[in-house]
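Subject: Handover of a protein structure

Dear colleague,

Please find the structure below, together with its sequence. My findings follow it, in an order meant for a first reading.

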Amino acid sequence: MDNRKTTSGRFSLDDTSPHLWVLSGEVDVVVNARFREVWPADRRSLEPVEVHMGDVTFIDSSGLRILYEALKVTPEGQRPVLVDVPERAQWIIDVTGLTSRFDFRTTTSPSDDDLPLADLG
């Protein structure tokens, strides 16, 4: 599992389940740059990407770029799933017109306590 912590937020990608992404904290340009280090632009997922967002406190256009990446890498004809999207993040997704491109699910998202995180900050 590759976990990257930044000063503002973090993400987690599991090599055994590469379609499962977890975002938390402030998802911004720093998180996006770290995401790019482990998810190259030409990588694809064999399953629809699930983005767990229950612990996201902030998302900017760079964070939205990660969600857009989920759209690009999900197999054709399928939609990525955004899980436990906080109200403020949902508002931003709605305003940008991306809502119809994702499926949404509410459940209990993996918390930081459930994931072994390496401090790479």
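A residue counts as buried when its relative accessible area is under 20%, as exposed when that area is over 50%, and as partly exposed in between. Glu76 has a relative accessible area of 82%, and therefore it is exposed. This residue is found in the loop between helix H2 (61-73) and strand S5 (81-83). The C-alpha atoms of Glu76 and Leu46 are separated by 9.9 Å, although the two residues are 30 residues apart along the chain. Please keep in mind throughout that this is a predicted model.

The overall layout

The protein chain contains three helices and six strands. Their order along the sequence is β-β-β-α-β-α-β-α-β. Of the 121 residues in the chain, 48% are buried. Among the contacts with a separation of 6 or more, 66% are between residues 24 or more positions apart. The chain exposes about 6300 Å², and carbon and sulfur atoms supply 49% of that area.

Strand S2 covers residues 9-14, and six of its six residues are buried. In a regular strand the side chains alternate between the two faces of the sheet. In S2 both faces are covered: Gly9, Phe11 and Leu13 are buried on one side, and Arg10, Ser12 and Asp14 are buried on the other. S2 pairs with strand S3 (residues 17-27) in the antiparallel sense, over six bridges. Within this pairing, Ser12 stands opposite Val22 in S3. The two strands S2 and S3 form a hairpin, with two residues between them.

Helices H1 and H2

The axes of helix H1 (residues 29-38) and H2 come within 7 Å and cross at roughly 35°. From H1, the residues Val29, Val31, Asn32, Phe35 and Arg36 take part, and they meet Ser62, Arg65, Ile66 and Glu69 in H2. By type, the residues of this contact divide into four nonpolar, two polar and three charged.

Salt bridges

Glu50 and Arg105 meet through their side chains in a salt bridge, at 3.0 Å from N to O. Glu50 lies in strand S4 (residues 50-59) and Arg105 in strand S6 (residues 103-105), so this pair ties together parts that are 55 residues apart in sequence. Arg105 is partly exposed, because its relative accessibility is 34%.

The side chains of Lys72 and Glu69 also meet in a salt bridge, at 3.7 Å from N to O. These two residues are three residues apart in helix H2, so about one helical turn separates them. Is Glu69 buried or exposed? Glu69 has a relative accessible area of 1% and is therefore buried, whereas Lys72, at 33%, is partly exposed.

Arg79 and Asp103 form a salt bridge through their side chains, at 2.3 Å from N to O. Arg79 lies in the loop between H2 and S5, and Asp103 in strand S6, so the pair ties together parts that are 24 residues apart in sequence. Arg79 is partly exposed at 38% relative accessibility, and Asp103 is partly exposed at 31%.

Finally, salt bridges that share partners join Arg36, Glu69 and Lys72 into one network. Arg36 and Glu69 also belong to the contact between H1 and H2 described above.

Yours sincerely,
A colleague

Terms used
Residues numbered from 1 in each chain as written. Predicted model: local features only at pLDDT ≥ 70, side-chain atom pairs only at ≥ 80, totals over all residues. Heavy atoms only, no water. Helix = DSSP H or I, 4+ residues; strand = E, 2+ residues; numbered from the N terminus. Buried < 20%, exposed > 50% of the residue type's maximum accessible area, 1.4 Å probe, protein only. Contact = heavy atoms within 4.5 Å. Areas by Shrake-Rupley, 256 points an atom, 1.4 Å probe, with all protein chains shown as cover. Pairing = 2+ DSSP bridges. Axes fitted to C-alpha atoms, helices over the stretch in contact; angles between N-to-C directions. Nonpolar A, V, L, I, M, F, W, Y, C, P; charged D, E, K, R; others polar. Salt bridge = Lys/Arg side-chain N within 4 Å of Asp/Glu carboxyl O.
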